[in-house]
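Q: I have a new model open and would like to learn how to read it. Could you take me through it step by step?

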Amino acid sequence: LREYVPTARRPAFTRFNVFLRDNFSCQYCNDHLPTHELTFDHVIPRSKGGKTSWDNVITACGSCNLLKADHLPQEIRMFPRRRPAQPTTWELQENGRAFPPNYLHESWRDYLYWDVELET
């Protein structure tokens, strides 16, 4: 190994990690899209007291995000397919293994593809 990353450490809340947690798919319509076509959506809108956190932010496509706007899910009957929650580092790594090489950010390569021959 090049360096040790403790598995007990919680993953950073970043746009990429939210997309990775949600498998790069809209949590409303389930479309799988490239990152430049995905957005953050606050399940409980910030205008109604929602926080920007693992438990309130999901991946959405642009059209679903615009349709939901600043409504609560029950107001517009748009519910996420999975309840948002903070993933573990292991869950993000497992999700990352499902994507082909060069799909994920370069910085993840050292941690995800352990089934390939290591550099000497």
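**Reading the model**

A: Happy to: begin with pLDDT, the predictor's confidence in each residue, from 0 to 100. The protein chain has a mean pLDDT of 85, with 78% of its residues at 70 or more. This is a predicted model, in which local features need pLDDT of at least 70, side-chain atom pairs count only at pLDDT 80 or more, and totals for chains, interfaces and linings use all residues. Residues are numbered from 1 along each chain as its sequence is written, and side-chain values use heavy atoms, with hydrogens and water left out.

Q: Is His-42 buried or exposed?

A: Burial is read from relative accessible area: buried is under 20%, exposed over 50%, and partly exposed in between (1.4 Å probe, protein chains only). His-42 counts as buried because its relative accessibility is 15%. Across the protein chain, 38% of the 120 residues count as buried.

Q: Where is His-42, and with which residues is His-42 in contact?

A: A contact means heavy atoms within 4.5 Å. His-42 lies in strand β1 (residues 38-42). Leaving aside neighbours within four places in sequence, His-42 touches Lys-51, Thr-52, Asn-56, Val-57 and Lys-68. With Thr-52 there is also a side-chain to side-chain polar contact at 2.8 Å; such a contact is a pair of N or O atoms within 3.5 Å where, within protein, one must be able to donate a hydrogen and the other to accept it, and residues adjacent in sequence count only if both atoms are side-chain atoms. The C-alpha atoms of His-42 and Ile-58 are 6.6 Å apart, although 16 residues separate them along the chain.

Q: How many disulfides does the whole structure have?

A: In general, a disulfide is a covalent bond between the sulfur atoms of two cysteines; the test here is a pair of cysteine sulfur atoms within 2.5 Å. The search of the whole structure finds 0.

Conventions:
Helices (H or I, at least four residues) and strands (E, at least two) are DSSP runs, numbered from the N terminus.
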